[in-house]
Amino acid sequence: MLAVIRRILSYTKPCRKELIGMLVFALIGTGLSLFVPILIGEVVDCVVGKNDVDFFQLWKMIVVLVVTIVISALFQWLMSLCTNRLAANTIRDLRCDLFTHLQKVPLRYIDGHARGDLIGRAVSDMEIISDGFLQAFTQFITGIFTIVGTLIFMLTINIQITVLVVILTPISLIVASQITKMSRASYLKSSEARGALGGLTEEMIGSQKVVKAFTFEERAQKQFDVYNMELQKTGTKATFFGSITNPSTRFVNALIYAAVGVCGALAATGNVAWIGVITVGQLASFLTYANQYTKPFNEISGVVAELQNAAASAKRVFAVIDEPIESDDHDLPSLKECDGSIELSHVRFSYLPEKPLITDFNLKVHNGQKIAIVGPTGCGKTTLINLLLRFYDLDEGEISITGQNIETVTRDSLRACYGMVLQETWLFTGTVAENISYSRPNATRQEIEAAAKAAYAYGFIRRLPNGYDTILTEDGAGLSQGQKQLLCIARIMLMDPPFLILDEATSSIDLRTEQRIQKAFEKLMTGKTSFIIAHRLSTIKSADWILVMNQGKVLEQGTHETLMAKNGFYAKLYQSQFAQ
């Protein structure tokens, strides 16, 4: 846990002003608050007897006491202000690092984790770290100052009783440390259970239509109950250990306080010579200091419980930040020329080493060719596209664009050559115009409208409440699946890239609009290299070259006519779609 805390503290370096301010204000505020018991003791000593009261000195001490309390409260408020800023800025930088790192990790890592779990690490885990971090800084720093300060003041009153307090204090620390050890594992398990529950919840909410369509509500509820019970079980155990820390240390501290009270009373009456003699006022001051001395140990033990929870969440956050990122390509040159030619030579790739997918794949594509990729589900069509865009790196072989290996140029310049329309549409919260111009942020309104017309999206956009300025939600609520896909197609029309990738791009569009879109695509694909993934084989009859894939291998390739003439795998696929 100490290593995790040290790593969190490393994020405070840019906030040195807040850190120094917090320490200075804590020192002054705590010092003044510790001076208050001395003043209270002097006030008590002003009242010597029933008819022997020094009212002048009494009122003088009361004024000093009030002023001291007010100034102490002011400095403690300033300390809290600095602490809040320090914690907020620290968590801001940590969250920024996490988000930045998530954009640099390989797609393999994102695909291998539940989205809800990753979102939970960026949101809820960060809040837990912030709460634990803030409480730790506030109470730990003031606690240390209080312990040192009370020791000094107690030594000035009575050395013997002070030594007694110091001797009994380790009992409180031993109790707290033992409970802390037991709670550490519970907090870690609770944090993991929280992430699993978040992943399931995000999955169920994001796929609510599918859940309802397949009447999966009851089974989803059962799954949720399992995860929820696990979180309840681990959370209750962690909370139990965290909650008994404070009462346990309070009990020990109460015993210490009682011992101080008895010894102090004996000293005030002068009955025990080895303890010494103190006044009633000094006894009142000492009892206050004894209480203040043990209180930080009580608070710090509670802080440790919070730190256990924060450290468990921090481990989950740092697990992402420590994940290896994609190989650095900043020193590589950009892909400056792209004539539309591409070659795959002896490509081999697998998601899992023990399950080969693509083996010894070879393909040569010339500028302007329309390449269709067909085959049964899981044959490697989408995987091939992921390799072309370098979302995944090859296990063996080479992919070259314009004679240049794609691993020798930057990923950004490589991906800028491709325009892609997927079967699964993606829109973000923003206006219609902003969603279309996502591929070209500096595009003019005229260019955006021209792209929308080319994609046959102009008509329904005009019928929206505010036209191109209509705000869309993340999932495009209010639009049909076909309309959302038209916006994605308009986005590519605006980009006008040298390579096109169409993965079932018209799957959600009605037949009449699809025919129009196909004409628009024909115009867009002129002079460009296109890769078309299609399950409806009737849509790729005009392709220049068709790759028939199965189990990561190219079984057949050629034009529609030559493949049909072979009467092989492709012909059987084609005929099965039109069988009566």
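This is a predicted model: local features need pLDDT of at least 70, side-chain atom pairs count only at pLDDT 80 or more; totals for chains, interfaces and linings use all residues.

In strand β14, Gly-558 is the bridge partner of Ile-546. Of the contacts between residues at least 6 apart in sequence, 78% join residues at least 24 apart.

**The six-stranded sheet**

- Strands β13 (residues 545–550) and β14 run antiparallel and are joined by 5 bridges.
- Both belong to an open sheet of 6 strands, whose order is β8-β11-β12-β5-β13-β14.
- The pairing in this sheet is mixed.
- At the edges stand β8 (418–421) and β14 (553–558), each of which pairs on one side only.
- On average, and with direction ignored, neighbouring strands of this sheet are turned by 20° against each other.
- As a general point, strands of a sheet pair through backbone hydrogen bonds, in either a parallel or an antiparallel manner.

**Helices packed on the six-stranded sheet**

- Helix α11 (residues 381–388) packs on this sheet, where it touches β5 (370–374), β8, β11 (499–503), β12 (529–533) and β13.
- The direction of α11 makes about 150° with that of β12.
- Helix α16 also packs on the sheet, touching β8 and β11.
- The direction of α16 makes about 165° with that of β8.

**The contact between α14 and α16**

- Helix α14 (residues 445–454) packs against helix α16 (residues 481–495) at an angle of about 125°, and their axes are 8 Å apart.
- Because of this angle, α14 is oblique to α16.
- On the α14 side, the residues in the contact are Glu-447, Ile-448, Ala-451, Ala-452 and Ala-454.
- On the α16 side, they meet Ala-490, Met-493 and Leu-494.
- The residues of this contact between α14 and α16 comprise 7 nonpolar, no polar and 1 charged.

**The four-stranded sheet**

- A further open sheet is formed by 4 strands in the order β4-β3-β6-β7, with antiparallel pairing.
- Its edges are β4 (358–365) and β7 (404–405); each has a single partner strand, so one side of each has no neighbour in the sheet.
- Strand β3 (residues 342–349) pairs with strand β6 (residues 396–401) in the antiparallel sense, over 5 bridges.
- Within this pair, Leu-344 stands opposite Ile-399 in β6, and Arg-348 has Glu-396 in β6 as its bridge partner.
- Strands β6 and β7 run antiparallel and are joined by 2 bridges.
- Ser-400 stands opposite Asn-405 in β7.
- A hairpin is formed by β6 and β7, with 2 residues between them.
- In the turn of this hairpin, Thr-402 has a positive phi of about 50°.
- Helix α11, which packs on the six-stranded sheet, also lies across β3, β4 and β6.
- In that arrangement, α11 runs at about 115° to β3.

- Ser-72 is located in helix α3 (residues 55–102).
- Ser-72 counts as buried because its relative accessibility is 5%, where the cut-off for burial is under 20%.
- Apart from its neighbours within four places in sequence, Ser-72 is in contact with Gly-29, Leu-32 and Ser-33.
- Thr-90 also has its place in helix α3.
- With a relative accessible area of 1%, Thr-90 is buried.
- Once neighbours within four places in sequence are left aside, Thr-90 is in contact with Ile-8, Tyr-11, Thr-12 and Phe-133.
- Thr-90 and Lys-13 are separated by 77 residues in sequence, and their C-alpha atoms are 8.8 Å apart in space.

Definitions and conventions
Residues are numbered from 1 along each chain as its sequence is written. Side-chain values use heavy atoms; hydrogens and water are left out. Axes are lines fitted to C-alpha atoms, for helices over the stretch in contact, and angles run from 0 to 180 degrees between N-to-C directions. Angles under 35 degrees count as roughly parallel, over 145 as roughly antiparallel, 65 to 115 as roughly perpendicular and the rest as oblique. Contact means heavy atoms within 4.5 Å. Ala, Val, Leu, Ile, Met, Phe, Trp, Tyr, Cys and Pro count as nonpolar, Asp, Glu, Lys and Arg as charged, and the others, Gly among them, as polar. Two strands pair if DSSP finds at least two bridges between them. Buried means under 20% relative accessible area, exposed over 50%, partly exposed in between (1.4 Å probe, protein chains only).
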